[in-house]
Amino acid sequence: MVSSEHPYAKELRIASLAVKRASVLTKSLSDTLVETSKTGTQIKDDKSPVTVGDYASQALINHAIKINFPGDHIVGEEDSSTLKDGSEEANALSKRILDILSEAQQRTSRSTEDLGELKFLNEVYESIDLGNYEGGSKGRFWALDPIDGTKGFLRGDQFAVCLALIEDGKVVLGVIGCPNLPEFISSNENQSGKKGGLFSAVKGVGAFYTPLFETEDFTPLKDQQIIKMTSETSPATLKVVEGVEKGHSSHSTQSQIKDKLGFSTTTVAKQTINLDSQVKYCVLAKGQADIYLRLPVSDTYREKIWDHAAGNILLYESGGQVGDINGEPLDFGKGRLLHSKGVIAANKAVFPKVIEAVKSVLSDSN
């Protein structure tokens, strides 16, 4: 258990408080999606929507890291260049960002002593741009996805605020805030319980869950729920999580893999849960699903490290295993991208069988 003397005790507390604050901010926006989609959306070069929530979430989390761990670097998804071009759109977005930051900081004022406060636009821009580190295999840095699953966020569905600490290329701590995630998920249709979960993992300590919005304060790990993956191997009861967006993964290939694993064609649909973002890792870690398939959509596509770092340690600490399509562990020390293809995660009991099925299906298709 993480005591106050644990080497990552402060990191865990600050990361948790920052993710909670960003979750309050992003949840508020997610609940007013019509307004957000009309006034707060830009289009990145890759055509995925970027909202004011991305910028504001990154600004406040980067600021919290900088004032608490000034020597640490940050690999973040966004930069402020488009906000500073002087255009009418950029000025309107900047004003909106400052407004929602102010509102979120007021609503989480008990955390301000730990997390600091952003009051001026130049501070916001500087804070966003702290995320420009290139990563690497040496030293210590944070990987941040301020809103993972932007399309889910825009339609009021699943998204996550994801923060991980990486030392010498290895993930040692991860915190994921899931503002819209129900407590219980058994299928696409059957989801219930309180919405909002905070998931944390510390290397060698374990994986933990606590409600996201019950308290503004940090909940010590001794008061959080320890979570574990299943050891299920039967295709009759295994559950698979996949992305919602077809552009992110090859759904047809994934269907062939499930067939190879022995899933019944009559029940496979009910055993497949479609979720945006690193929420998928959280559902696995909690024991509500067993396998995560994210097959490459092209030979050249590479995953970003911020899309998987926090989920990676959450899976390992809950008793799971994560790899690429060959079963090799993901390497977070090669820069801002993973230099491997695809992401496969599963409980340890079934992981080898899943990799075997993946290799078989992919070799047949080549």
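What is the volume of the second largest pocket? In this predicted model, where local features need pLDDT of at least 70, side-chain atom pairs count only at pLDDT 80 or more, and totals for chains, interfaces and linings use all residues, that volume comes to about 280 Å³. Residues are numbered from 1 along each chain as its sequence is written, and side-chain values use heavy atoms, with hydrogens and water left out. A pocket here is an open set of points on a 1 Å grid over the protein atoms alone where a 1.4 Å probe fits, with protein on both sides within 12 Å along at least five of seven lines; lining residues have an atom within 4 Å of a point.

Of the 13 lining residues, Lys170, Val171, Asn312, Tyr316 and Leu330 sit closest to the centre of the second largest pocket. Helix α10 (309-317) gives the largest share of this lining, 4 residues, and β6 (170-185) supplies at least two. Domain 1 (6-224) and domain 2 (238-362) each put in at least three residues; the bounds come from an automatic or database domain assignment.

Now to helix α11. Phe351, Val354, Ile355, Ala357, Val358, Val361 and Leu362 are the buried residues of α11 (under 20% relative accessible area, 1.4 Å probe, protein chains only). They lie on the same side of α11 because they cover an arc of only 160° around the axis, taken from the directions from the helix axis to the C-beta atoms. The face turned away carries Glu356 and Asp364, both exposed (over 50%).

Notes:
Points joined across faces, edges and corners; volume = space filled by probe spheres on them.
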